[in-house]
Amino acid sequence: MNVRVRRVYDPPEPDDGTRVLVDRLWPRGLKKDAARVDEWPKELTSSTELRRWYHAGEGSDEEFAGRYEAELAAPEAAEALDRLRERADEGPVTLLTASKDTDRGHTAVLARLLGESRSP
């Protein structure tokens with residue numbers, strides 16, 4: 001499975017494959033045509049409450065990951081995650097975020113979950 005995380009502000013690359021915005025809010029100052037986003041599944045974004053809690057520095061990365069995974073277990077989010085896994089099985093998928101730290105937070109959790117095997 002070929003999943004990677006990039007900043008949405010970085011120019012698109014030929015090997016990005018399907019470009020998926022995984023932020024709840026549209027990135028500031030970025031025109032939609034410049035972003036070249038193929039999908040924006042808001043079901044996969046963390047809730048506003050969880051995002052605010054995490055960015056306030058009130059919990060650890062591990063606690064955030066657990067809470068976010070619980071949100072992703074909801075039926076609509078689980079279906080969207082399965083669809084994204086199927087896309088990743090078919091070819092490259094690039095998760096796009098406005099975050100400067102692409103190795104932490106929701107993008108890291110999503111990338112890990114997309115890389116895990118699905119149960120039959």
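Contact here means heavy atoms within 4.5 Å. With that in hand, H4 and H5 meet through Leu 81, Leu 84 and Arg 85 on the H4 side and Leu 110, Leu 113 and Leu 114 on the H5 side. Keep in mind that this is a predicted model, with a mean pLDDT of 90 for the chain.

**Confidence**
- Of the chain's residues, 95% reach a pLDDT of 70 or more.
- Strand E2 (residues 18–21) comes out highest, at a mean of 96, while H1 sits lowest at 87.

- Three strands make up an open sheet, ordered E1-E3-E2, and the pairing is parallel.
- E1 (3–7) and E2 are the edge strands with a single partner strand each, so one side of each has no neighbour in the sheet.
- From one strand to the next, the twist averages 30°.
- Five bridges hold the parallel pairing of E1 with E3 (residues 93–97), and Val 3 stands opposite Val 93 in E3.

**Helices on the sheet**
- H4 (residues 75–90) lies across E1, E2 and E3, and runs at about 130° to E3.
- H5 (residues 105–115) packs on the sheet too, touching E1 and E3, with its direction at about 165° to that of E3.

**Where H4 meets H5**
- Sorted by class, the H4–H5 contact has five nonpolar residues, no polar ones and one charged.

**Aromatic pairs**
- Counting rings of Phe, Tyr and Trp whose centres lie within 6.5 Å, the tally is three aromatic pairs.
- One of them is Trp 26 with Trp 40: the ring centres are 5.3 Å apart and the planes stand at 65°, so the pair is edge-to-face.
- That pair links distant parts of the chain, with Trp 26 in the loop between E2 and H1 and Trp 40 in the loop between H1 and H2, 14 residues apart.

- Most residues other than glycine have a negative phi.
- Arg 36 has a positive one instead, near 50°.
- Look for Arg 36 in the loop between H1 (32–35) and H2 (48–55).

Methods:
Residues are numbered from 1 along each chain as its sequence is written. This is a predicted model: local features need pLDDT of at least 70, side-chain atom pairs count only at pLDDT 80 or more; totals for chains, interfaces and linings use all residues. Side-chain values use heavy atoms; hydrogens and water are left out. Helices (H or I, at least four residues) and strands (E, at least two) are DSSP runs, numbered from the N terminus. pLDDT is the predictor's confidence in each residue, from 0 to 100. Two strands pair if DSSP finds at least two bridges between them. Axes are lines fitted to C-alpha atoms, for helices over the stretch in contact, and angles run from 0 to 180 degrees between N-to-C directions. Ala, Val, Leu, Ile, Met, Phe, Trp, Tyr, Cys and Pro count as nonpolar, Asp, Glu, Lys and Arg as charged, and the others, Gly among them, as polar. Rings of Phe, Tyr and Trp (its six-membered ring) pair if their centres lie within 6.5 Å; planes under 30 degrees apart count as stacked, over 60 as edge-to-face and the rest as tilted.
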